[in-house]
Amino acid sequence: MARLVALLAALALGGAEALAVGRTSRVVHGSRGAARMAVTRAPKAGSAVVNGRTVVLPKFSEECSYTGITLTRYMIEFARANPELAELESILASIQTACKTISTLVRRSSMTGLVGLQGGGGSVNVQGEEQKKLDVITNDVLKNALKFSGKMATLASEEEDAPVALDEDDNYDAYRPKDIVIEEGNKYIAVFDPLDGSSNVDAGIPTGTIFGIFDEGDQTCVVDEGLPLTAAEQECLASTLRPGNALIASGYCLYSSATHFVFTLGAGVQGFTLDESNGEFVLTHPDIMLPPRGKIYSLNEGNRWAWDNALRDYVTAIQKGEGESGVAYTSRYIGSMVGDVHRTLLYGGIFAYAGDKKNVNGKLRLLYEAAPMSFLVEQAGGKAVTGLHRIMDIVPSGVHQRVPVIMGSPDDVAECQKYYTAESAKDPEMKKRCDARMVPKLQKVGA
Ligand code: AFP
């Protein structure tokens, strides 16, 4: 009966086409012969439990073949299905707007002069890295977009020395009567790297924005207006930060041959592509799932001789075809985490930036690189570890804390992890280092 109703509905709409009515009862509206959107599969319906809360997946029984399922519509449906998470709609709307702006800034940078170092050089962030013009501008774009969503309490960014607390005046409340407090508890923490991979952006290499959204949690910090923050204020803000397993959303925008927006709200991973003709992100990769195993390894082999033996032995085995799959793996490394993780999500395999003798914690940041990407990878059926331990379980000690990252197809990561388990029996120092990351120890902000 449902099939018949769907078919009649399609026919009654004059020229409407029903796509795979017999299988999915989904109706696609559009004229016969006109250019159609590429997606022929709606995302799965259902629900998932994440961090103790149930997330209901939106249902799409109908769609327009001209526009497809846009990100805007996806979020409207998501908010309808999850009223208690409805605020994510405006947060994601802010992020997608920022991504579109950043995409244009990156694309046009050679023509607009937004290349090279901020101030001609000498502008260094808290981690001692030279800031590029685009680092500074994209940080402002994303910070403003999130601030104007009116849902944020704290923002932590790669380009900020300390987390930024948003006070009353910063929040977007122009239309809200000041004397009425609306859902005071509904404030979120956003962590982000506005332009990851920026050191190569002037060469046209793919770059990306990474973001994660947390609930604010129980701790409240009272922060005086204006900068600089005192050390106590900075430590308080840092202590509001939570482990990856408390994330309620995370994702990235990839600025490459196309602009992709890939995210999770805790119930699978959805991938959208920017349709430049109407400025909308359109669902092109519903329900991304990592293949259980891939044939690609992705890491900076320049660090090989400083790696722990565990990683060196594992990589040698898969290069020679002597790993569990018996296949000789091939190497792909962009040096831009968003691009490398995007390829890994779609093709499978393993991406790593491990700890080594020089940089015992690797290079990538727990809060705004490793944890948001780990949430995505796990939601796509993959695994993300430091070597011995799950990244999502690490409680941050500092805003800019680094962690080793090994993530990707579940069987590949599990195989690599076995080398670390075996090595830890021989190398107690390595095990001690790995275990120490699991014990939170508040560092000074920026340490
Ligand atoms: P930049 O943003 O400074 O270009 O760093 C990019 C990055 O954080 C990450 O996106 C890469 O995976 C990683 O660094 C590359 O580091 P190496 O250049 O040491 O391989």
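A disulfide joins Cys-99 to Cys-253, with an S to S distance of 1.9 Å. The model is predicted, and it holds one disulfide. This briefing also covers helix H4, which bends at Val-106, the largest cavity, with a volume of about 60 Å³, and the second largest pocket, with a volume of about 420 Å³.

**Disulfide and cysteines**

- The torsion about the S-S bond of Cys-99 and Cys-253 is about 75 degrees, so this disulfide is right-handed.
- Cys-99 belongs to helix H4 and Cys-253 to strand S10 (residues 247–255), so the bond ties together parts that are 154 residues apart in sequence.
- Cys-99 has a relative accessible area of 0% and is therefore buried.
- Cys-253 is also at 0% relative accessibility and counts as buried.
- Cys-434 counts as buried because its relative accessibility, 4%, falls under the 20% cut-off.
- Cys-64, at 27% relative accessibility, counts as partly exposed, because that class lies between the cut-offs of 20% and 50%.

**Helix H4**

- Helix H4 covers residues 87–112, which makes 26 residues.
- At 1.5 Å a residue, H4 should span 38 Å, and its end C-alpha atoms are 35 Å apart, which agrees.
- A bend of about 35 degrees occurs in H4 at Val-106.
- Gly-113 follows H4 and has a positive phi, near 85 degrees.
- H4 also carries Cys-99, the residue joined to Cys-253 by the disulfide.

**Loop residue Asp-287**

- Asp-287 has a phi near 50 degrees, a positive value in a residue other than glycine.
- The loop that holds Asp-287 runs between strand S13 (280–285) and strand S14 (296–298).
- With a relative accessibility of 11%, Asp-287 counts as buried, because the value is under 20%.

**Cavities**

- The count comes to five cavities of 30 Å³ or more.
- The largest cavity has a volume of about 60 Å³.
- Its lining is made up of Asp-308, Ala-354, Gly-355, Val-360, Thr-386, Pro-404, Tyr-420, Met-430, Arg-433, Cys-434 and Arg-437.
- Helix H11 (residues 428–436) gives the most to this lining, with three residues.
- Sorted by class, the lining of the largest cavity has six nonpolar, two polar and three charged residues.
- Cys-434, one of the lining residues, is buried at 4% relative accessibility.

**Second largest pocket**

- The second largest pocket has a volume of about 420 Å³.
- It is lined by 26 residues, of which Asp-196, Gly-197, Ser-198, Ser-199 and Lys-363 are the closest to its centre.
- Strand S8 (188–196), helix H8 (337–347) and strand S16 (350–353) are the elements that give two or more residues to the lining of this pocket.
- S8 supplies the largest share of that lining, three residues.
- By class, the pocket lining has twelve charged, eight polar and six nonpolar residues.

Note on methods: Residues numbered from 1 in each chain as written. Predicted model: local features only at pLDDT ≥ 70, side-chain atom pairs only at ≥ 80, totals over all residues. Heavy atoms only, no water. 1 Å grid on protein atoms, 1.4 Å probe; cavity = no way out; pocket = protein on both sides within 12 Å on 5 of 7 lines; lining within 4 Å. Points joined across faces, edges and corners; volume = space filled by probe spheres on them. Helix = DSSP H or I, 4+ residues; strand = E, 2+ residues; numbered from the N terminus. Nonpolar A, V, L, I, M, F, W, Y, C, P; charged D, E, K, R; others polar. Expected span 1.5 Å × (residues − 1). Bend = angle between axes of the 7 residues up to and from the residue. Disulfide = S-S within 2.5 Å. Buried < 20%, exposed > 50% of the residue type's maximum accessible area, 1.4 Å probe, protein only.
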